[in-house]
Number of protein chains: 2
Amino acid sequence: MPAKRSSPADGSGLAAVAERAGVSLATASRVLTGSTHRVSRDLRERVLHAAELLDYVPNASARSLSVGMRKIVGVLLHDMVDSQSYDYIRALEDVADRAGWLIMLANAGRNIEKEFRYLRAFRAERVGAIILGGSGFDDDDYRAHLSRELSGYVKQGGRVVMSARHGLPFAEFAADTVGGAQAAIEHLLERGHRRIGIITGPRAMTGTADRLLGATRAFESYDVPWDDNLVVEGDFRRTSGLAGCERLLSRAPDLTAIFAMSDDMAFGVYEAATARGLRIPADLSVIGYNDVAMARVLSPPLTTVSYPTAELARGAIEACVGNVTLERSQVMVPTELIVRKSVAAPRSR
Amino acid sequence: MPAKRSSPADGSGLAAVAERAGVSLATASRVLTGSTHRVSRDLRERVLHAAELLDYVPNASARSLSVGMRKIVGVLLHDMVDSQSYDYIRALEDVADRAGWLIMLANAGRNIEKEFRYLRAFRAERVGAIILGGSGFDDDDYRAHLSRELSGYVKQGGRVVMSARHGLPFAEFAADTVGGAQAAIEHLLERGHRRIGIITGPRAMTGTADRLLGATRAFESYDVPWDDNLVVEGDFRRTSGLAGCERLLSRAPDLTAIFAMSDDMAFGVYEAATARGLRIPADLSVIGYNDVAMARVLSPPLTTVSYPTAELARGAIEACVGNVTLERSQVMVPTELIVRKSVAAPRSR
DNA sequence: TTGTAGGCGTTATCAA
DNA sequence: TTGATAACGCCTACAA
């Protein structure tokens with residue numbers, strides 16, 4: 001309830017500062033915003049002094065009202081699930097800060113309704129840019145809806161950048177997920193594995209679909225038949241890797257290798273294997289995805305696919321914050337197989 | 001640059017919606033904000049329809065101008081360093097979302113100047129609450145400065161909650177860091193260890209000071225002399241644990257145990273030990289701090305101190321978002337020694 | 001139940 | 001170089 005202004009400058013706003021300094025609002029504003037407009041030394045100091053005295057903190061809302069979009073980037077993570085998201089956020093923060101932007105963080109948690117709610121909130125906040133991190137849903141209705149929402153935002157003057165999504169007409173900084181998965185499976189195949197279990201991410205996500213695609217390509221190129229029975233669904237979390245491994249092993253005891261679509265799940269596989277008395281890689285080869293820091297710490301160190309998280313983050317935020325207008329630019333960052341010690345030739349055939 | 005309004009309702013603002021619906025601004029506002037004020041069914045629908053048609057997105061800045069503080073919580077992390085911060089953020093997001101609050105995330109990265117800059121930015125944004133996560137600097141000037149800044153904010157109507165800081169007159173949700181460290185060292189002492197290496201966090205942080213305090217208490221209670229030579233400084237990161245372990249081992253080859261003040265550093269110790277051909281715990285006992293998820297995955301599973309990250313986060317954000325006015329409340333959440341397999345009796349005395 | 005009008009804090013335009 | 005003053009978009013007391 002806006003109390004009737006009792007005196008023109010009783011608050012702690014610009015007006016108060018101006019009055020205290022004995023200058024006009026305009027002058028005070030010019031001084032405090034570091035405008036290029038010249039202000040005499042004397043007045044400038046009086047304003048600065050008054051501001052200091054009154055503990056003046058500019059009201060960003062008010063400013064944005066006259067200025068338009070704000071230097072805030074809305075980061076919408078689809079799923080803050082694995083260690084990876086954290087590296088992503090860290091890298092984001094770093095670049096944003098340098099550019100003087102603030103970060104608004106949201107986690108949709110694979111909930112479509114929540115995702116759109118957040119998108120709306122970002123638009124309401126008039127954030128200058130929105131980053132969609134992580135993979136999206138592999139669904140056409142969803143895609144259309146999302147596209148509509150984002151187009152509206154872009155029309156308002158916002159920028160949109162996506163990491164690892166596809167087919168939407170916005171700037172994209174994605175990694176070569178398909179290629180990475182293919183390389184992983186081929187590595188296993190090359191070593192002689194034929195019975196390879198796969199623990200996927202959630203079926204509905206494009207990230208999962210991509211990795212699956214890479215896997216099928218690898219099998220095809222080696223002429224090894226695809227076996228649906230050797231595929232179980234996980235959620236990228238460690239616990240689902242553990243459960244998935246157990247299901248796989250009881251379903252197909254002749255398994256010689258497992259490809260987990262995230263390192264976290266691979267760690268779960270390590271646990272399950274240990275619990276069963278299986279040694280890695282002697283009894284079971286394991287390969288992960290993402291190359292998170294812990295991958296090299298476990299013993300044996302995990303063979304995995306590097307995922308350029310920080311690079312993606314940096315590319316994305318720079319596109320938001322920088323001056324370049326790379327609309328619809330599509331950048332594909334390569335992934336790479338990191339061979340460590342968790343893969344060996346299969347024990348017996 | 002605010003273009004002169006060419007027509008009273010050409011934009012996509014409330015005015016446009018109102019005009020389109022053939023109602024007054026007030027009515028449109030009442031409908032779209034879900035005000036309790038009654039509006040006839042007919043008008044309500046016309047407004048809703050117009051809003052839909054025009055892709056109306058309310059301007060949060062404008063709203064906040066008349067309404068005051070906003071439902072945004074500014075989260076200032078002092079150091080987004082270990083896996084822990086991530087759990088913290090996750091928990092924060094969860095509660096905030098339920099309450100309809102947005103999160104503004106900032107990472108001061110142990111840089112005082114940056115910390116204050118962010119604090120200012122939060123105030124400028126008129127965020128309704130500020131959470132200071134992680135430990136602060138163990139320095140009186142800093143504390144005074146911080147206290148001043150936050151007091152100004154509180155005077156403006158903001159809420160402040162700190163996790164793991166001390167001696168400042170604001171609500172505090174902290175963990176019993178001292179007790180946890182003491183328990184860790186006592187556990188080692190009890191098992192017969194006398195030459196115990198310690199890898200600390202950054203000296204300047206209160207979190208480090210607290211753990212150090214706990215450690216000295218433990219030594220005192222067992223009448224074991226403190227040896228400065230057995231203490232090296234780390235930064236809570238894995239790599240510093242690795243380096244610290246090596247320094248420690250070359251400095252004091254008779255070491256039988258190491259207490260790392262973060263799990264991440266303990267993981268580094270694992271690496272260093274493995275590289276040296278030392279087996280854990282047979283040749284070297286290790287104990288960490290935080291009980292991050294990976295602690296149980298390594299072999300041997302890491303004995304560590306649980307740190308109620310999620311609980312702290314939840315407490316903090318609830319204090320911000322909820323209605324309770326728990327000014328200056330100080331909540332101390334207990335920590336707990338989690339005994340796993342990385343500690344054994346010392347090999348030889 | 002609906003509408004009118006003033007105010008929220010700042011910036012920008014235009015005179016002086 | 002300085003200062004009035006009109007936006008900016010929305011909310012709400014008050015009047016109708």
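1. Confidence first. Chain A has a mean pLDDT of 90, with 93% of its residues at 70 or more; pLDDT is the predictor's confidence in each residue, on a scale from 0 to 100. This is a predicted model, in which local features need pLDDT of at least 70 and side-chain atom pairs count only at pLDDT 80 or more, while totals for chains, interfaces and linings use all residues. Residues are numbered from 1 along each chain as its sequence is written, and chains are lettered from A and ligands numbered from 1 in the order in which they are written.

2. A stretch to treat with care. Over residues 1–9 of chain A, pLDDT stays under 50, and the model has five contacts beyond four places in sequence for them. Two residues are in contact here if their C-beta atoms, placed from the backbone, lie within 7 Å.

3. Overall form. Chain A holds 12 helices and 12 strands, taken as DSSP runs numbered from the N terminus (helices H or I, at least four residues; strands E, at least two). The C-alpha trace of chain A spans about 90 × 40 × 35 Å along its principal axes. Its radius of gyration is 26 Å, whereas a compact globule of 349 residues would have one near 20 Å; the radius is taken over C-alpha atoms, and the globule rule is 2.2 Å times the number of residues to the power 0.38.

4. How the copies relate. The same surface serves both copies, since 100% of the contact residues of chain B recur in chain A.

5. The interface. In chain B, 38 residues are in contact with 38 residues of chain A. On the chain B side, α4 (60–67), α5 (83–98), β2 (102–107), α6 (112–125) and α11 (263–276) each supply at least two residues, and α4(B) gives the most, with six residues. This side divides into 20 nonpolar, nine polar and nine charged residues.

6. Leu105(A) stands opposite Ile103(B) in β2(B).

7. A parallel sheet in chain A. Four strands form an open sheet in the order β7-β6-β8-β9, with β7 (231–233) and β9 (285–287) as the edge strands, each pairing on one side only. β6 (residues 196–200) and β7(A) pair over three bridges, and Val232(A) is the bridge partner of Ile199(A).

8. Local geometry worth a look. Ile280(A) and Pro281(A) are joined by a cis peptide bond with omega about 5°, and Pro281(A) sits in the loop between α11 (263–276) and β9 of chain A. Another cis bond joins Ser299(B) and Pro300(B), with omega about -5°. Arg110(A), though not a glycine, has a positive phi of about 60°; Arg110(A) is in the loop between β2 and α6 (112–125) of chain A.

Definitions and conventions: Ala, Val, Leu, Ile, Met, Phe, Trp, Tyr, Cys and Pro count as nonpolar, Asp, Glu, Lys and Arg as charged, and the others, Gly among them, as polar. Two strands pair if DSSP finds at least two bridges between them.
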